[in-house]
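Please read the following briefing alongside the sequence and the 3D view.

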Amino acid sequence: MIKPIVYAIAGFIFTLVACHAKKEKSTTKATNTSIPIVDVLIATPQSIVSQIEANGTVVANEYVELRPEVSGRLTFLNVPEGKLITKGTVVATINDADLQAQLAKLKVQLQLAEITEQRNKKLLNINGINQSDYDASLNQVKSIQADIAYTQSLIDKTIIKAPFDGTMGLRQVSPGAYVTPASVIATLQQLNRLKIDFTMPEEYARYIRKGNTVIVKSDAAEKSTQKATIIAAEPQINTATRNIKVRALLDEGGVNPGAFVKVIVATNNDKKAILVPTNALIPDDKNKQAVLVKNGKAFFVNVETGVRQADAVEVVKGIQKGDTVVVTGVLFARPQNAVQIRSVKQLSEFSN
């Protein structure tokens, strides 16, 4: 009777011991799997060409919107769309019949005034009239001459001419239309020389020098590049954006005015720098941080960055040569907690 009871108690104790051992084993296994697994990169100085990329716009060497200076009806229109015209070519004329009539009237008045002035001059020489009467007739002549010059200037304003050699744009009005100084007849652009306007942050202003060469890439043909020479920079920095505006002369053509381009400005050639993948850095409200592995534990350090490339960024402070930098699993690492290194990566593996 006693033996079965002893056997039952012994079996119960054995079961408890086995369950406890299994629980400890599961806890130990869970603890081991809670250590984050990361990939690392060994910080090594590399030779890079420091470059700055900016957005630019293609600008024609000369550009003008042809507008009339006076209001009136178009009596002549010569807009050869898309063709080259020379300086001085008459593009359009406005009805000037009233001005021509006014000019003819003034010329008749001038003839009469000149005859009167000459007659009074002879009378003055023989003391036939006083000086004031002669001065009045002479003033009349000069006044009419001034009116003629003014009327002639108004007539000249009715003729719209090409101010320079260039390519004519699309016609915006029709013959016989009534136009005002706000009306655009067409555009005229000089395409034999193209310019690039681009902006850069003020901290890079020291790299902008007249005569320096920049690389220009267009989105339409991203693989093809052209060179442009810096010809000038705006002396004042934009107070709203803190950017400086730069103008460069494109060595070749092949792009249309108004096109969007990428401008690459070289800052330093072949300098040594430590590069890390962009996603290896943790942005903070004040600083950027990177995770280093020392003695199997993660340590967070503040870093300062320099030149940014497509997939990597230069670290100028915070990471030394030979440091082990976490490049994947950064978000799972905790300060001074253990991490498990899965593999050592190369920077080239993060390039697209």
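Predicted model: local features only at pLDDT ≥ 70, side-chain atom pairs only at ≥ 80, totals over all residues.

Residues are numbered from 1 along each chain as its sequence is written, and side-chain values use heavy atoms, with hydrogens and water left out.

**A buried lysine**
- Lys195 is buried without a salt bridge, and Glu62, the nearest side chain of opposite charge, is 5.7 Å away; buried means under 20% relative accessible area, exposed over 50% and partly exposed in between, with a 1.4 Å probe and protein chains only.
- The side chain of Lys195 does reach the backbone oxygen of Asn61, at 3.1 Å.

**Salt bridges**
- The whole structure holds five salt bridges, each a side-chain nitrogen of Lys or Arg within 4 Å of a carboxyl oxygen of Asp or Glu.
- One of them joins Arg342 to Asp39, with the closest N and O atoms 2.8 Å apart; Arg342 is exposed at 58%, whereas Asp39 is buried at 3%.
- Another joins Asp197 to Arg247 at 2.7 Å between the closest N and O atoms.

**Nonpolar cores**
- The largest nonpolar core has 21 residues, and Ile196, Phe198, Met200, Val214, Leu250 and Val263 touch the most other members; such a core is a set of buried Ala, Val, Leu, Ile, Met, Phe, Trp, Tyr and Cys residues joined through side-chain atoms within 4.5 Å.
- Apart from this core lies another, of 18 residues, including Val70 and Leu77.

Note on methods. Lys, Arg positive; Asp, Glu negative; His and termini not counted. Polar contact = N/O pair within 3.5 Å; in protein donor to acceptor, adjacent residues only side chain to side chain.
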